[in-house]
Amino acid sequence: MTDLSLYRNIGIFAHVDAGKTTTTERILKLTGKIHKTGEVHDGAATTDFMEQEQERGITIQSAATTCFWKDHRFNIIDTPGHVDFTVEVYRSLKVLDGGVGVFCGSGGVEPQSETNWRYANDSEVSRIIFVNKLDRVGADFLRVVEQIKKVLGAKPLVMCLPIGVEETFSGVVDLLERKAYVWDDSGLPENYVVSDIPEEMRETVEEYREQLVETAIEQDDDLLIAYMEGEEPSVEEIKMCIRKGTIALDFFPTYCGSAFKNKGVQLVLDAVVDYLPSPTEVDPQPLTDEKGEETGEYANVSVDETLKALAFKIMDDRFGALTFVRIYSGVLKKGDTILNSATGKTERIGRMVEMHADDRNEISEAHAGDIIAIVGMKNVQTGHTLCDAKTPVTLEPMIFPEPVISIAVKPKDKGGSEKMGIAIGKMIAEDPSFRVETDDDSGETILKGMGELHLDIKVDILKRTYGVDLIVGQPQVAYRETITSPVEDTYTHKKQSGGSGQFGKIDYRITPGEPGSGFKFSSTVVGGNVPKEFFPAIEKGFKGMMEEGPLANYPMLDVEIELFDGSYHAVDSSAVAFELAAKGAYRQSMSKAGPQIIEPIMKVDVFTPEDHVGDVIGDLNRRRGMIKDQEAGTTGVRIKADVPLAEMFGYIGHLRTMTSGRGQFSMEFAHYLPCPQNVADDVIAASKELKN
């Protein structure tokens, strides 16, 4: 039987370019999973197996792999760092028990690190921190530790200190054991010696060790009292306290090194074993009802319970469709028939595989705590629960962000349409933040995504993987509409055409909702003037119309509708009549409620060398940006601003020109805000032109 205390399900996440994939490569090499280390910059990293990843040197989709260290089984997911692919990080964190946050020794806490850290906080995932690239110019371990406190509001627990800085970085001091690990210049991870602490570091080491011990033993009252009375706790007792505090998210053990130079990675692996939780030590996943509300029951991690598993990723490759599954409880065997509680359909388990990036090992059974892939499942989507057919349950579902940018595409040749349709179907299953619509008027296919890079890579995949050449239109912004003033109105739907007619009268109030509240419907009808059984039909009528606003046919956001009176006819009233009444009411009243166009505002984070700060800020102001913050670092300045998405197309090229190729930026959706009148007029005019 598998011993779950020896399992560690971990994710490696960080800002783009902090060295996550390189760290993963080193872990795989050290654990004997691969014999030759692949480098990201050569396009040879194990977990970056897509052509697009190898060319661009970035991770696009999370990759899963399994390896062993000191008798412990690690299921590792290497996640992307680029903001357009955060959905991959989000869904990976959802099924992991622990994480390794990688930060760049010179870049520090970068924009994407903040987003990923926030996701990990939301998912309550225990983490250790690895400050990487300490061999780089401008690297400063203690500065990054301070940034983690200030920017992330987290409590890093310093576990080791670097020996040397930048090009003289040669190893680390383990504070707990008071030992120095020094590597030679061969670049081989196994070529190190354990020695005494360098004389000049002794005082600093003792100072940081004292802080470490004091923070750790706060987890145990008896040890704390003994320590106050002058009794030094043993290393094992301190480790026990660190483990307890890490799992409780009270602090985050923090290590340092250089993954590329193979220095310091062993200590991180030991920390995963010593401090990150096994599947049985994390809070069990809550079960929900059909509406997604928690039922108060949980999927306890145990092989003795009935099967409960979550499909967290779909991937299509040369062997067919793969469904990545985290098993929370029970046992899954080849040939079992399981229930997909989201569709109500059963499926038979054919082949199951243990993943190593894009290679796989066939397995015949998997247990609670495992992360595996199932080959050839038909109707499973990301976030679906797989369970025992006799005891149906639903695990807490995943929520994905709405796309903010779209492009129109069509195949270059006539025969490409069918190929494109099949390919896009597979791509939507793989990536829930990627959506596709067909424009009824023009017949064009509209691709929707999280940013320019996201859609750029989708078009590239269609071309290379599926052989579909596309004509791509200009990027379009996902504008929305809302209302600014309340309206009270009445509407009667009446139709008589021989036999029974249709009748429904409603009195209603339309009011602007809180930003981000979406659509809300309520009823305060008393005395049965409108019978309760018609309320869902009225709500359905209004909700269905929200897809098209009165100004430019963009979906409506943040509207509250209250039904306060009305009347019905004993014979002629029906659900259909009241649904039509609601639709008529929407058409009649929305234009009276002060409709306005709102646009997506992006949280933009720009890094620029100091001598170009003025140019970058001036340019962001011209793009209608609001500068929020400026922060000087050793190698440049970070500028944070809120900028409308409409003004950000092609920004990377412009930024590179302004900063002689040294500037970088990332952006993510923040919120919607009203457009200036001239922009709104252009949007409305463009919408009318499309209609004609």
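## Salt bridges

Glu437 and Lys448 form a salt bridge, with their closest N and O atoms 3.1 Å apart. A salt bridge here is a side-chain nitrogen of Lys or Arg within 4 Å of a carboxyl oxygen of Asp or Glu. Glu437 sits in strand β25 (residues 435–438) and Lys448 in strand β26 (residues 445–449), so the pair ties together parts 11 residues apart in sequence. Helices (H or I, at least four residues) and strands (E, at least two) are DSSP runs, numbered from the N terminus. Glu437 counts as partly exposed because its relative accessibility is 42%. The classes are buried (under 20% relative accessible area), exposed (over 50%) and partly exposed (in between), using a 1.4 Å probe and protein chains only.

This is a predicted model: local features need pLDDT of at least 70, side-chain atom pairs count only at pLDDT 80 or more, and totals for chains, interfaces and linings use all residues. Residues are numbered from 1 along each chain as its sequence is written, and side-chain values use heavy atoms, with hydrogens and water left out.

The structure holds 24 salt bridges. One of them joins Arg243 to Glu281, with the closest N and O atoms 2.5 Å apart. Arg243 belongs to helix α8 and Glu281 to the loop between α9 (265–275) and β12 (285–288), so this pair links parts that are 38 residues apart in sequence. Arg243 is buried at 17% relative accessibility, while Glu281 is partly exposed at 34%.

Asp619 pairs with Arg623, and here the closest N and O atoms are 2.9 Å apart. Both Asp619 and Arg623 are buried.

Side chains of opposite charge can pair when their charged atoms come close. Asp174, in strand β8 (residues 171–174), is buried yet has no salt bridge. Its nearest side chain of opposite charge is Lys239, 6.8 Å away. Lys and Arg count as positive, Asp and Glu as negative; His and the chain ends are not counted. The place of a charge is NZ of Lys, CZ of Arg, CG of Asp or CD of Glu.

A polar atom of the Asp174 side chain lies 3.4 Å from the backbone nitrogen of Glu177.

## Negative surface patch

Glu203, Glu207, Glu210, Glu214, Glu218 and Asp250 form a negative surface patch. Patch residues have over 30% relative accessible area and no salt bridge; like charges are joined within 9 Å, and nonpolar side chains (Val, Leu, Ile, Met, Phe, Trp, Tyr) within 5 Å. Accessible areas come from the Shrake-Rupley method with a 1.4 Å probe; for residues, only the protein chains shown count as cover.

Glu207 lies in helix α6 (residues 202–216). This residue is partly exposed, at 46% relative accessibility.

Most residues other than glycine have a negative phi. Lys70 has a positive phi, near 50°. Lys70 is in the loop between β2 (63–69) and β3 (72–78). At 52% relative accessibility, Lys70 is exposed. Asp558 also is not a glycine and has a positive phi, about 55°. Asp558 lies in the loop between α12 (535–545) and β33 (559–567). Asp558 is buried, with a relative accessible area of 10%.

Met240 is in helix α8 (residues 235–247). Met240 is partly exposed, at 45% relative accessible area. The C-alpha atoms of Met240 and Asp220 are 9.3 Å apart, across 20 residues of chain.

Note on methods:
A polar contact is a pair of N or O atoms within 3.5 Å; within protein, one must be able to donate a hydrogen and the other to accept it, and residues adjacent in sequence count only if both atoms are side-chain atoms.
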